[in-house]
Structures are given as C-alpha cells and as structure tokens.
Amino acid sequence: MCHDEQARKQQKLHTHSLMQLLFTQHDIEARVRVLAGHIARDYRAAHPVLIGVLKGSFVFLADLMRMLSIPVTLDFVQISSYGAGTERTGTCRIDKDITLDISGRDVLVIEDIVDTGETLAFLLDKLRSENPSSLRVCALVDTHGRRTREIAIDYCGFTIENEFVVGYGLDFNERYRELPALYAYREP
Ligand code: PRP
C-alpha cells in the first residue's frame, strides 16, 4: 500500500466513532528508538534473549530489534489471557512455550501491553523457574489504571490510564493488528 493510502486509512479510523488516535506512527517510531537506545546501553556487554509475547508484541519486537545496536537471540511465547471482547477471562495458560534454554542468560521479555499485569506475573514466575541470569521487561504500553498485580516494567514506551488499545499489533477480537498507529477502542 502506498503512503497516501495508508494515511487515508489512518485518517478514516481516526474519525471513526469507536476509535481515538492515541499515538501516531511517528510517535511510536520515535519512542521505540529511545527504548532501543536504553536497552543497547544497558546490555552492551551482554547478548540478551528477547522473548516476544505473541501475538500482540510481534510488530513492536520487529521494530525494536532492528533499532538495537547489539546482538540478540530471539524466542517467542504465547499465553492466553483474554476471552472475546475487552474483558479478561481471569486465567493464564501457555499456548506456545519458548524453545531456547535460558538458564544463565540475560532475558528481556517484550510485551505489547501490560494491562492487569496477570499475564506478565504468570510469565515471569515461569521464566524465573528456568534460572535466567537476569530477567527484565520491556512493554510498549502500560495501562496503569487497570493493574491488579504490581509488576515492575524496566523499559516502558507509553503509560496511559485506562483504555483498550488496538493497532500496531494489538487487536480487538483479532481485528486492527495491521494499523500502523495506536488507538483507544470503545465498544458501542
Ligand atoms: C495481551 C498482551 C498481554 C496481555 C496483557 O495479550 O499481549 O500479553 O494481553 O494483559 P494483562 O496484563 O491483563 O494480563 P492477548 O491475550 O490480548 O493476546 P494477543 O497478544 O494474542 O492479542
């Protein structure tokens, strides 16, 4: 798709009554670059394992890792935490586990969004049991107002109070992941 078409698509959604633009493509790119700088500085003597939490983090992870000036190793995990709609089911389950041995490795979990914190709390407990030498978290969006578990986010892109966010990999019922910007979605 050409740039004009993409801009039109964004504009159309921006004016859609259910969508409110939160961060533009440009905002995201600038912020991801800053995060990449901090991570590269902190891990300059290491070779961290980046663990992307599927599916939402794949766009963020792909952009972030290409802005890093250090070598990394990549793995993925997939955890179910939401049912249909914008409400959680309250349970976490591993749908796809990592394949690498992370014992003694510096591990950085890459999340698209930390909402209640339940998914991350579950994942960090599981990863800790595999004895990494260090374990940190990088999240693009922290919806702080929805937190039910206290979780430290070491590298955070954007903090918002309480919105359901779509775009840039994040979905509502498997829609809107392809949008290049981040939007607040409100159910009709
Ligand atoms: C999202 C996101 C986190 C989780 C955060 O995943 O990627 O993993 O929700 O929510 P929490 O802090 O309330 O636990 P989701 O279950 O929507 O799956 P997806 O990434 O495949 O869309």
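## Strands, cores and rings in a predicted model

Four bridges join strand S1 to strand S9, and the two run antiparallel. Helices (H or I, at least four residues) and strands (E, at least two) are here DSSP runs, numbered from the N terminus, and two strands pair if DSSP finds at least two bridges between them. The model is predicted, so that local features need a pLDDT of at least 70 and side-chain atom pairs count only at pLDDT 80 or more, while totals for chains, interfaces and linings use all residues. Residues are numbered from 1 along each chain as its sequence is written, and side-chain values use heavy atoms, with hydrogens and water left out.

A parallel pairing is found elsewhere, where S6 and S7 are joined over five bridges. Valine 141 stands opposite phenylalanine 158 in S7. Strand S7 is mostly covered, since five of its six residues are buried; buried means under 20% relative accessible area, exposed means over 50%, and partly exposed lies in between (1.4 Å probe, protein chains only).

Phenylalanine 158 leads on to the aromatic rings. Rings of Phe, Tyr and Trp (its six-membered ring) pair if their centres lie within 6.5 Å, and planes under 30 degrees apart count as stacked, over 60 as edge-to-face and the rest as tilted. The structure holds four aromatic pairs. In one of them, the rings of phenylalanine 23 and phenylalanine 158 have their centres 3.9 Å apart and their planes at 20°, so this pair is stacked. It links distant parts of the chain, as phenylalanine 23 lies in strand S1 (residues 19-23) and phenylalanine 158 in strand S7, 135 residues apart. Phenylalanine 23 counts as buried at 18% relative accessibility, and phenylalanine 158 is buried with a relative accessible area of 9%.

Another stacked pair is made by phenylalanine 172 and tyrosine 185, whose rings have their centres 4.3 Å apart and their planes at 25°. Here phenylalanine 172 sits in the loop between strand S8 (165-166) and strand S9 (182-185), and tyrosine 185 in strand S9, 13 residues apart. Both phenylalanine 172 and tyrosine 185 are buried, and together with Phe164 and Tyr176 they form one aromatic cluster.

The next topic is the nonpolar core, a set of buried Ala, Val, Leu, Ile, Met, Phe, Trp, Tyr and Cys residues joined through side-chain atoms within 4.5 Å. The largest nonpolar core has 29 residues, and those with the most contacts inside it are Phe60, Leu64, Cys138 and Leu182. At least two residues of this core are supplied by each of helix H2 (25-42), helix H3 (58-67), strand S5 (106-114), strand S6 (134-143) and strand S7 (155-160), and the largest share, six residues, comes from H2. A second, separate core of 20 residues includes Val49, Val77, Val109 and Cys156.

Lastly, the cysteines can be considered. A search of the whole structure finds zero disulfides, a disulfide being a pair of cysteine sulfur atoms within 2.5 Å. For cysteine 156, the nearest cysteine sulfur is that of cysteine 138, 8.3 Å away. Cysteine 156 is buried, with a relative accessible area of 18%, whereas cysteine 92 counts as partly exposed at 22% relative accessibility.
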